[in-house]
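Thanks for coming. I will take one structure today and walk through a few of its parts. Please have a look at it first.

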Amino acid sequence: NYSSKNKKNQIIDSIKTSKKKNTSSEGIDDESNVFYNIEYSGIDLSGNRYILKSEEAKNQKLDESIINMRGVTAFFYFKDDTILEIRSKFGIYNNKTLDMKFIDDVKAKYLGSNLFAQKADYSNSERYLNIYDNVRIDDIRGNLIADKLLFDINKQNLAITSFNDGKINANVKLNEKRF
C-alpha cells in the first residue's frame with residue numbers, strides 16, 4: 001500500500017526564521033526571498049536527528065525545495081549518542097529529500113577529531129556522507145590526508161580513497177605502553 005509506505009517514511013522538518021526580506025546585494029535579485037538565521041530540524045531516514053542552521057538562505061526560483069545557504073552549521077545526533085558537527089561557508093539543502101551539500105572551507109568535528117575539506121555531501125536517501133577535495137583529519141592519534149572519505153551511515157564504516165597512485169598520507173601515533 002503506497003499510503004502506508006509513505007507514512008512510514010514520513011520525515012519531520014520544521015523551519016524557524018528570525019527575519020525575512022527582499023534584497024539586491026551580492027548577486028541576490030529583488031525577486032528572491034532571503035531568510036536570515038534560518039534553522040531546519042528533523043529526523044533523517046536512518047532515524048538520526050539533525051539541525052541545519054544558516055546565517056543567510058534563499059530558495060531557488062525554479063525549484064522551491066532547493067535552498068542556497070551562506071554561513072552553514074549542521075549537527076547530526078546519531079543513535080549511538082555521538083554528534084557530528086559540520087561547518088562551511090556555503091551550502092545547498094533540499095528540503096524534500098533532506099540531502100545537504102557543504103561547500104568551501106568545510107570543517108567537521110567528530111569524537112575529538114577535526115576534519116577539513118572543501119566539499120561534503122550528505123545523502124539522506126542513500127544514507128552516506130561523502131567528504132572530498134583536500135581532505136585532512138587531525139586527531140590525537142595521528143593525521144590523515146586523502147582525496148575522499150565515504151562514510152556509510154547504516155553500516156557505520158569509512159572508506160578512504162586517494163587518487164595519488166593509490167597512496168594515502170597518514171601519520172599515526174602508536175601506543176608505546178607495553179604489558
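Buried here means under 20% relative accessible area, with exposed over 50% and partly exposed in between, using a 1.4 Å probe and protein chains only. Before going on, note that this is a predicted model, in which local features need pLDDT of at least 70 and side-chain atom pairs count only at pLDDT 80 or more, while totals for chains, interfaces and linings use all residues. Residues are numbered from 1 along each chain as its sequence is written, and side-chain values use heavy atoms, with hydrogens and water left out.

Asn94 belongs to strand S6, residues 83-94. Strands are DSSP runs of E with at least two residues, helices are runs of H or I with at least four, and both are numbered from the N terminus. What does Asn94 touch, leaving aside residues up to four places away in sequence? Ser65, Ile66 and Asp99, where contact means heavy atoms within 4.5 Å. A polar atom of the Asn94 side chain also lies 3.0 Å from the backbone nitrogen of Thr97.

Now the protein as a whole. The protein has one helix and twelve strands. Of its 179 residues, 37% count as buried.

Next, strand S3, residues 33-43. Eight of its eleven residues are buried, so S3 is largely enclosed by the rest of the structure. S3 pairs with strand S4, residues 49-59, in the antiparallel sense over nine bridges; two strands pair if DSSP finds at least two bridges between them. Ile38 has Ser54 in S4 as its bridge partner. The hairpin of S3 and S4 has five residues between the strands, and Gly47 takes a positive phi near 85 degrees there.

Last, the aromatic residues. Five aromatic pairs turn up in a search of the whole structure. Rings of Phe, Tyr and Trp (its six-membered ring) pair if their centres lie within 6.5 Å; planes under 30 degrees apart are stacked, over 60 edge-to-face, and the rest tilted. Phe76 and Phe78 have ring centres 6.4 Å apart and planes at 10 degrees, so this pair is stacked. For Phe76 and Tyr122 the centres are 4.9 Å apart and the planes at 50 degrees, so that pair is tilted. Phe76 lies in strand S5 (residues 66-77) and Tyr122 in strand S8 (residues 113-123), so the pair ties together parts 46 residues apart in sequence. Both Phe76 and Tyr122 are buried. Phe76, Phe78, Tyr110 and Tyr122 form one aromatic cluster.

Technical notes:
Polar contact = N/O pair within 3.5 Å; in protein donor to acceptor, adjacent residues only side chain to side chain.
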